[in-house]
Amino acid sequence: MPTKLSVNLNAIAMLRNRRDLPWPDVAHFGRIALQAGASGLTVHPRPDQRHIRFSDLPVLRALIDDEFPKAEFNIEGYPSEDFLLLCEEAQPEQVTLVPDDPAQATSDHGWDFKKHARFLKESVSRLKTGGMRVSLFADGDGDKDAVKLAAETGASRIELYTGPYGGCFDNEEQGRIWLDKLGATADFAHALGLEVNAGHDLTVANLPPLVQRIPYLAEVSIGHGLTADALEFGMAETVRRFCRACGQSIS
């Protein structure tokens, strides 16, 4: 199956939040993305609401339920009690747990699965009891012990942090090294029965090698690079370009 694309709407929300005005409309651009072929929408509601606001969640949930019932809603965040309550209310198909400090500008590392084993097991169990699939943000550095511990939490998926790979846009040799590491991590996770997602600094240029190396890659979540391209190509055409980069046959 081709890799699915989930469009992260945080960058659009950040632009909206620069003014006390309702545009750009997050739900409107989510609709365009889904109409153009995206398989889902991703948001990361941080405690300070500097990107997605808590009030956006029911609007996006209703958009998917009413107009795109086959699409998925993916909510990312650190599993604080407030975040877990948000998820239980919004009922996303997938929750991606990330080890973010509230002050971080963006997610920039995977979990320390040994340190947070009990905490993650409890969070995963609670979300799964609520009917949500759980993915855990993981470093793609080939650490097999970390992947084993991730599997022991009961999560269904890991999401490979691809930031170092994306950061090699001007260094092909380093890019190949990171691609090999990501592939090795994914292969080991796959062998343990974990599904594999990926996200962070993925582009139309670096997606095809990643999908070729990890042919069972379930989903990529992309926001920054996709939003940047949308300034040039428009949202609909940009989503189509990213879908094709994921290996999808889309006109």
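Mentor: Let's start with a rule: two strands count as paired once DSSP finds at least two bridges between them. Keep in mind that this is a predicted model. Take strand β7 (residues 195–199): three bridges join β7 to β8, and the two run parallel.

Trainee: How many bridges link β1 and β8, and in what sense do they pair?

Mentor: Four bridges, in the parallel sense, between β1 and strand β8 (residues 219–222). β1 also pairs with strand β2 (residues 40–43), again parallel, over three bridges. There, Ser-6 has Gly-40 in β2 as its bridge partner.

Trainee: How do I read burial, and is strand β1 largely enclosed or open?

Mentor: Look at relative accessible area: under 20% is buried and over 50% is exposed. Four of the five residues of β1 (residues 4–8) are buried, so the rest of the structure largely encloses this strand. In the segment before β1 you'll find Thr-3, which is buried at a relative accessible area of 1%. Its side chain reaches the backbone oxygen of Leu-217 at 2.9 Å. Beyond its close sequence neighbours within four places, Thr-3 is in contact with residues including Val-211, Glu-219, Val-220 and Cys-246.

Trainee: Which residues have the most contacts inside the largest nonpolar core?

Mentor: Leu-5 and Leu-97, in a core of 72 residues. Helix α8 (residues 172–191) gives the most to this core, with six residues. As for Leu-5, setting aside residues up to four places away in sequence, it touches several residues, among them Ala-38, Ile-222, Leu-226, Val-239 and Phe-242.

Trainee: What caps the N-terminal end of α2?

Mentor: Asp-25 does, with a side-chain oxygen 2.9 Å from the backbone nitrogen of Ala-27. Just after α2, Gly-37 takes a positive phi of about 125°.

Trainee: Now for a loop residue. Where is Gln-91 placed?

Mentor: In the loop between α4 (81–90) and β4 (94–97). Partly exposed is the class between the buried and exposed cut-offs, and Gln-91 belongs there at 35% relative accessibility. A polar atom of the Gln-91 side chain lies 3.1 Å from the backbone oxygen of Glu-88. Leaving out neighbours within four places in sequence, Gln-91 is in contact with Arg-61, Gly-130 and Met-132.

Trainee: What separates Gln-91 from Asp-25, in sequence and in space?

Mentor: They are 66 residues apart in sequence and 22 Å apart in space, C-alpha to C-alpha.

How values were computed
Residues numbered from 1 in each chain as written. Predicted model: local features only at pLDDT ≥ 70, side-chain atom pairs only at ≥ 80, totals over all residues. Heavy atoms only, no water. Buried < 20%, exposed > 50% of the residue type's maximum accessible area, 1.4 Å probe, protein only. Contact = heavy atoms within 4.5 Å. Polar contact = N/O pair within 3.5 Å; in protein donor to acceptor, adjacent residues only side chain to side chain. Core = buried A, V, L, I, M, F, W, Y, C linked by side-chain atoms within 4.5 Å.
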